[in-house]
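Please look over the sequence and the model shown below, and then read the report that follows, which moves from a single residue to the chain as a whole.

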Amino acid sequence: MSQREIQGSLFLIGFMGAGKSAVSARFHEFYGMKLLEMDQEIERREKMSISRIFREKGEEYFRRLETELLGELKGSSGIVVSCGGGAAMRDENVRRMKEAGKVVLLRAEPETVLQRIADSEDRPLLQGRKTPQGIRELMEQRQPRYEAAADFAVDTDGKTVDQICREILEKISGPESF
């Protein structure tokens, strides 16, 4: 399947560690889609880490940057976007994503998330909650918004990146596209 067969762009949402970066990278590599890592792009533009943006300018400032970046994608096609974990918490962001393509929720259990992010120190919202229970609490706060924003969801626990990509493509185009 080529990127021309995917209408619009793909927006991967979900909790940190759900697999958004790995899946978006694979879509870029194997399906020729342009790749946009929202957090990395914001860090590049601001010339500072997400943690530092949160610390020096606040979460609200960071969330506005996400909204502005999504606004730049209006009318785009063939882009796979790895959204920051909180991008889908704003109605304006969800509207912009849906206007530009499909919104895919990647889900993972708290234990899987903890395993995937254990070595990362650049997760400001997990400061003091890097435990399965702390992750579960934050996930439960966000889950209703994630579910409402998504066109469909894919569970990532115990699956390879290729399996997740195939499942996404199947849900977009049907099983006959393979």
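## A buried asparagine and its surroundings

Asn93 is buried, with a relative accessible area of 0%, where buried means under 20% relative accessible area, exposed means over 50% and partly exposed lies in between, using a 1.4 Å probe and protein chains only. The model is a predicted one, in which local features need pLDDT of at least 70 and side-chain atom pairs count only at pLDDT 80 or more, while totals for chains, interfaces and linings use all residues. Residues are numbered from 1 along each chain as its sequence is written, and side-chain values use heavy atoms, with hydrogens and water left out.

Asn93 is part of helix 5, residues 91–100; helices are DSSP runs of H or I with at least four residues, strands are runs of E with at least two, and both are numbered from the N terminus. The side chain of Asn93 makes a polar contact of 2.5 Å with the side chain of Thr67. A polar contact is a pair of N or O atoms within 3.5 Å; within protein, one atom must be able to donate a hydrogen and the other to accept it, and residues adjacent in sequence count only if both atoms are side-chain atoms. When neighbours within four places in sequence are set aside, Asn93 is in contact (heavy atoms within 4.5 Å) with Glu66, Thr67, Leu70 and Ala87.

## Aromatic pairs

A pair of aromatic rings is described by the distance of the centres and the angle of the planes. Rings of Phe, Tyr and Trp (its six-membered ring) pair if their centres lie within 6.5 Å, and planes under 30 degrees apart count as stacked, over 60 as edge-to-face and the rest as tilted. A search of the whole structure finds two such pairs, which are set out here.

| Pair | Centre to centre | Angle between planes | Type |
|---|---|---|---|
| Phe27 and Tyr31 | 5.3 Å | 40° | tilted |
| Phe54 and Phe62 | 5.3 Å | 45° | tilted |

Phe27 and Tyr31 are separated by about one helical turn, because they stand four residues apart in helix 1, residues 20–31. Phe27 is buried at a relative accessible area of 0%, and Tyr31 is also buried, at 17%. In the other pair, both Phe54 and Phe62 are buried.

Helix 2 (residues 38–46) and helix 3 (residues 50–57) pack with their axes 9 Å apart and at an angle of about 60°; the axes are lines fitted to C-alpha atoms, for helices over the stretch in contact, and angles run from 0 to 180 degrees between N-to-C directions. Helix 2 and helix 3 are therefore oblique to each other, since angles under 35 degrees count as roughly parallel, over 145 as roughly antiparallel, 65 to 115 as roughly perpendicular and the rest as oblique. The contact is made by Asp39, Ile42, Glu43 and Glu46 of helix 2 together with Ile50, Ile53 and Lys57 of helix 3.

## The chain as a whole

How many helices and strands does the chain have? Its secondary structure comes to eight helices and five strands, and buried residues make up 47% of the 178 residues. Among the contacts with a separation of 6 or more, residues 24 or more positions apart account for 73%.
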